[in-house]
Amino acid sequence: MDPKNPNTRENYRQTQDDTIKKLSHNRVFAAEKNKSNKKHLIGKIIGLVAVFMVGIGLAYFGRIYFAAMTTARQAYHGTGKTSAAIAQNKPVSILILGVDQGIEGRHDRGNSDTMILVTMNPQKKQATMTSIPRDLLVDVLGDQGKYYMFRVNSAYQVGGSKAAQKTVSHLVNAPIDYYMEVNMQALESMVDALGGVDVNVPFSFTYNTKFKKGKMHLNGKQALDYSRMRKEDPKGDYGRQMRQRQIITQIVHEGMSLNSVNNYRKILNVLAKYVKTNLTFNDMMTIAMNYRGCASNMQSGYIHGHDAWIGGASLQVASTKELQRVSDLIRSSLGLPKQKLKNEETRQNSLQKGLKWSDPTAFENYVIYSQHSDTIAWDGTN
């Protein structure tokens, strides 16, 4: 390079400037590349953590799913066919039978002292819960093939859940395809598994536990006592039915909450041990997913019976008007047209003489007629 040559000096300076710019650009590029690599690395780490967390979640809920499926299979007593009605989200009815095996020393089949007919209509997002008085006089339709007019709770003793379904179905003229047989001990265990339930006690009373009027949080034992007391209730068995529906409603609400997931093992153990049903696992999963909206709009009620003495037996009889009311309610909730009720119970009512349904005094002149005949079969003296 000739230092005296101005062109040479200018070229040299230009070369130096270009070199400095290139070095500067390379440093900036390297810094940006390093920054980009760090961001990319952080993104990979976040992605791996996300995948890991999803994996844990899937494993956890998969564990719940398969545990629930195992429990459902243990509780299942049916044909093995998934219900087309439930799969298509159609209205359904389920008869809940509260049996007293294992309570107060009982270990035979016993009676279904709690009978509640539940309907669910997912289109309307409505449900009904109708209690059936245990002493209600009905045409018991069991497998014995005999004409037998007696208390509705005896249907379970005669022919189990199948006879109870058939009897109640004919009583209200509505299909009942599903049942859930619940040992009363399950109520205590289920409430404990859910961490207790809140109820509004209608009046103060003592039944093993002291209950004070107003809001109370009940554990399992208290909930069982609360739902069993009958003699101290001014409304008798109707009052007990109301309290039973209270407990069941609270169990449903608590069971639908996310908090219950933490106690799923306890809940599933209770179901496996104390519950029998002809609902398949797929049926129950579909109901849990697609019918849950019904729980927020549940109409609760019962069949109003009239006290009657037939000989030395204390029973209850329901008027044809009352049975028609209940039939209309249940059929409407199932999306079925109303029909005039015509069964053995309404036939018996039509043959009675001198009854005044408006008189609150217990009937002493209600008699039972022979099947397909107006001949008296039982009036308490024969």
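Does Asp113 count as buried or exposed? At 18% relative accessibility, Asp113 counts as buried. Buried means under 20% relative accessible area, exposed over 50%, and partly exposed in between, with a 1.4 Å probe and protein chains only.

This is a predicted model, where local features need pLDDT of at least 70, side-chain atom pairs count only at pLDDT 80 or more, and totals for chains, interfaces and linings use all residues. Residues are numbered from 1 along each chain as its sequence is written, and side-chain values use heavy atoms, without hydrogens and water.

The whole structure holds eight salt bridges. A salt bridge here is a side-chain nitrogen of Lys or Arg within 4 Å of a carboxyl oxygen of Asp or Glu. The table lists three of them.

| Pair | Closest N to O |
|---|---|
| Arg134 and Asp113 | 3.9 Å |
| Glu344 and Arg347 | 2.8 Å |

Asp113 pairs with Arg134. This pair links distant parts of the chain, 21 residues apart: Asp113 in strand β2 (residues 112-121), Arg134 in the loop between β3 (126-131) and β4 (137-139). Helices (H or I, at least four residues) and strands (E, at least two) are DSSP runs, numbered from the N terminus. Arg134 is also buried, at 17% relative accessibility. Shared partners join Asp113, Arg134, Asp135 and Arg151 into one network of salt bridges.

Next comes Arg243. Its relative accessible area is 0%, so Arg243 is buried.

The last pair sits in helix α10 (residues 344-351). Glu344 and Arg347 are three residues apart, so about one helical turn separates them. Glu344 is buried, with a relative accessible area of 12%.
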